[in-house]
Structures are given as C-alpha cells and as structure tokens.
Amino acid sequence: GRSICTSKQLDAMKVENMLIIGSGLMGSGIAQASAQSGPHFNSIVIQDVNQGALDKAAARIKSNLEKMKSKNSSINVDEIMGRITFSTNIQPKSTDNLLVIEAITEVLDVKQNLFKNLSEQFKDCPNVILATNTSSLPCKDIGIHVTNHSRYAGLHFFNPVPLMKLVEVVKLDNTSDDTYDSLVDYVKSIGKVSVKCKDTPGFIVNRLLLPYMSEAIQMLERGDATVRDIDTAMKLGAGYPMGPFELMDYVGLDTVQLINAVWMKRDPSLIKPSKIIKELVDSGHFGKKSGKGFYEYK
Ligand code: CAA
Ligand code: NAD
C-alpha cells in the first residue's frame, strides 16, 4: 500500500477523497450519490473483489444518470461518470482527507479482516476516516482490529441511496467529535440529512423496520393474508411507499436473511426465523437485483 502521507492531522476534516469498498447495491449508490452531488471530491474510487460486480455497478450508475438526464437535461452523465474510478485494487487516489466507506457483504469476519487490512494500510495517515455501512452488525465488533478508534464510525445509507435523503451517523464510544463532525459535513455536502445514532441494534431506522418486516413474513407464513394484500394494505392503509414484501425484494433477500441471522443472535425476541426467505434465497431468488423474489421483475 501507499505509505507516503503528506498531510498533518487536522481537526474536523473536509472530505476530499473517497474510497468505497464493495460495489453492490449500496456501494454503487454511495458512489453515484457522492459523484452526482457536484465536484466536491478530488477522487472517488470504488473497489470490489469481483470485476463483474464493478461492471454491473458502472452500468447501473450510468443508466440511473441517463434516466435523470431525460428529466433534467443539465445533468452531464459523462462528467459525473468521470468522477468515479472502478477498481479491483484497494488504492485511493490520495490519502489526504480520505473517507473510506465499507459496503461489502454483511459477514462479520470478512468485514473485521477488511478493517484490519485498512488500518495497516493507512496506519501512517492521520487524515483518514474509516466507516462501515453495516445494517445489523455492531460497528464496534466490525472495528475490533481498527488501530485508531477516534477515526472510526458507522455511516449507514438507505436503499436506493441516490433517492433516500437520510444517512445515520453512528458515533461509537471512541469516535472523536471531529470525526463525527466531518461525517455530518460530508453527508450535508452530498445533499443528504444526517441523524446521530448510537451503536445499538438497527440504529434508528432498522430497529423499527426489521421487526415490521418479520411480522409481515409471519403473517404470510401463518396464511393470514397474501403477499399482495399485505403490501396493498400497508401502502393504502398506512401510506408507506412500498409494502413490506416489495421492500424486502428491494433490499435484497440475501441481505435480509443475513441481517435477520445477526439480529436473532443479538436479540431473539425481535425476529423469527423464516422458511420462506430461506427457500427463496436457496433457489437463487434474491429479490429485485436477481429478477425474482416475492415478485418477478423484468
Ligand atoms: N438513481 C437515480 N434515479 C433513480 C434511482 C437511482 N438509483 N432509482 C430510481 N430512480 C428514479 C426512477 O427512475 C424514477 O424516475 P421516473 O419518475 O422518471 O420513473 C424516480 O427516481 C422515482 O422513482 P419511482 O417512480 O420508482 O418513485 P417512487 O415514488 O415509487 O419512489 C422510492 C421510489 C423512493 C424507492 C420509494 O418507493 C420508497 O421510498 N420506498 C421505500 C424505500 C425504503 O424504505 N428504503 C429503505 C430500505 S431499508 C435500508 O436501506 C436499510 C438497511 O440497512 C436494509
Ligand atoms: P450486495 O450483495 O449488493 O454487494 C456487496 C458487494 O461486496 C458485492 O459486489 C461483493 O462482490 C462485494 N464484496 C464482498 N466481499 C468483499 C471484499 N472483501 N472486498 C471488496 N468487495 C467485497 O450488498 P449491499 O446490499 O450493497 O450491502 C452491502 C452492505 O450494506 C451490507 O453491510 C449491508 O448490510 C449494508 N446495507 C444494505 C442495505 C440494503 O438495502 N441492501 C441498506 C443499508 C446498508
């Protein structure tokens, strides 16, 4: 890794360079949202171990931007695409005022190992913030091998990132105020709103959403109502933009399953195991991203 770090440690830093790790639904959305918010950043690198995932991410971002351009002709698709570098190497363009956001698969030991390597790679670089986009794992557990805890936090985005205005900023016991302020400032700079969270299960949003999704699955498994009726009911009776099954398909059923597994371990009273999710995931039906889940997608 790169070891020459020129900048000395500032207080709250203004993010200038970004390194996003994982180019799935979330990583690609974070890259898109950051790039389309303006020329704020000197560089945005998105890394994935899977070249196919990077290719898909580039295609997805481009198609989203083209859709936006058809509605708002002032958008320059090539310019925005040109701000993002797609790579299989974990190598930022610069370590100056660098924000690293981890958005890889929701598996604890893989994330722990990644943060161990990142801490080693950036150990001499004072102005690097490491953040995790985890949905369900304790940020503290993910960061056990982090060496500079004052520069480590949670930064939790929502799917679809380019449209969802909220980002939860998770301040751990050892996250410094300067790091927290830097992240709040970054969120604002990309046109989003932050809320301050503790490192508690589900932070704010998922603490309420996951039990809701779990109740919907149990209702279905008991045969109380159909997928379509439950979704219609919540949309028309409670004003939700999507019903719980549409939302699970949207989040990704593989991700829902991983999140549920973590939650059942953390607090078994909140989530019940689901046969239906397991069957769908076992047959490769991950929801919208794979073309089929509770619903079919073209
Ligand atoms: N980038 C740019 N534009 C996009 C886009 C993207 N990624 N995705 C969609 N769009 C565009 C669409 O093309 C559409 O354009 P048109 O109007 O020209 O068709 C426009 O944005 C609006 O899309 P929709 O017509 O689909 O609009 P909608 O009113 O149905 O809103 C929605 C879509 C915002 C996704 C809305 O359905 C919604 O809010 N759903 C709930 C999402 C939610 O709850 N997310 C949180 C999930 S939980 C989570 O993320 C946390 C976790 O840890 C699991
Ligand atoms: P995804 O399955 O769409 O993408 C994960 C990507 O990570 C894949 O492209 C995979 O190749 C890559 N990857 C796996 N291991 C890697 C490694 N060691 N290094 C680099 N890349 C690696 O998943 P997603 O939905 O984008 O979720 C990513 C993270 O964001 C998870 O922690 C998830 O809990 C969280 N999250 C998800 C949502 C959601 O709605 N899907 C919302 C908020 C947060």
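**Figure 1. Polar contacts around ligand 2.** A polar side-chain atom of Lys111 lies 2.7 Å from an oxygen atom of ligand 2, a polar contact in the sense of a pair of N or O atoms within 3.5 Å. Taken alone, ligand 2 exposes 840 Å², and the protein buries 87% of that (Shrake-Rupley areas with a 1.4 Å probe). This is a predicted model, where local features need pLDDT of at least 70 and side-chain atom pairs count only at pLDDT 80 or more, while totals for chains, interfaces and linings use all residues. Residues are numbered from 1 along each chain as its sequence is written, chains are lettered from A and ligands numbered from 1 in the order in which they are written, and side-chain values use heavy atoms, with hydrogens and water left out.

**Figure 2. The shell around ligand 2.** Of the 25 residues here, Met26, Asp48, Glu106, Lys111 and Ser135 come nearest; a residue makes the list if one of its heavy atoms lies within 4 Å of the ligand. By type, the shell splits into 10 nonpolar, 11 polar and four charged residues (Ala, Val, Leu, Ile, Met, Phe, Trp, Tyr, Cys and Pro are nonpolar, Asp, Glu, Lys and Arg charged, and the others, Gly among them, polar).

**Figure 3. A tilted tyrosine pair.** There are four aromatic pairs in the structure, meaning Phe, Tyr or Trp rings (the six-membered one for Trp) with centres within 6.5 Å; planes under 30 degrees apart are stacked, over 60 edge-to-face, the rest tilted. Tyr212 and Tyr240 have ring centres 5.3 Å apart and planes at 50 degrees, so their pair is tilted. Tyr212 belongs to helix H7 (residues 205–221) and Tyr240 to the loop between helix H8 (227–238) and helix H9 (244–251), so the pair ties together parts 28 residues apart in sequence. Helices are DSSP runs of H or I with at least four residues, numbered from the N terminus. Tyr212 counts as buried at 17% relative accessibility, while Tyr240, at 36%, is partly exposed (buried is under 20%, exposed over 50%, partly exposed in between; 1.4 Å probe, protein chains only).

**Figure 4. An edge-to-face phenylalanine pair.** Phe245 and Phe294 sit 4.7 Å centre to centre, with 70 degrees between the planes. They link distant parts of the chain, 49 residues apart: Phe245 is in helix H9, Phe294 in the segment after helix H11 (275–282). Both are buried.

How values were computed
Helices (H or I, at least four residues) and strands (E, at least two) are DSSP runs, numbered from the N terminus. A polar contact is a pair of N or O atoms within 3.5 Å; within protein, one must be able to donate a hydrogen and the other to accept it, and residues adjacent in sequence count only if both atoms are side-chain atoms.
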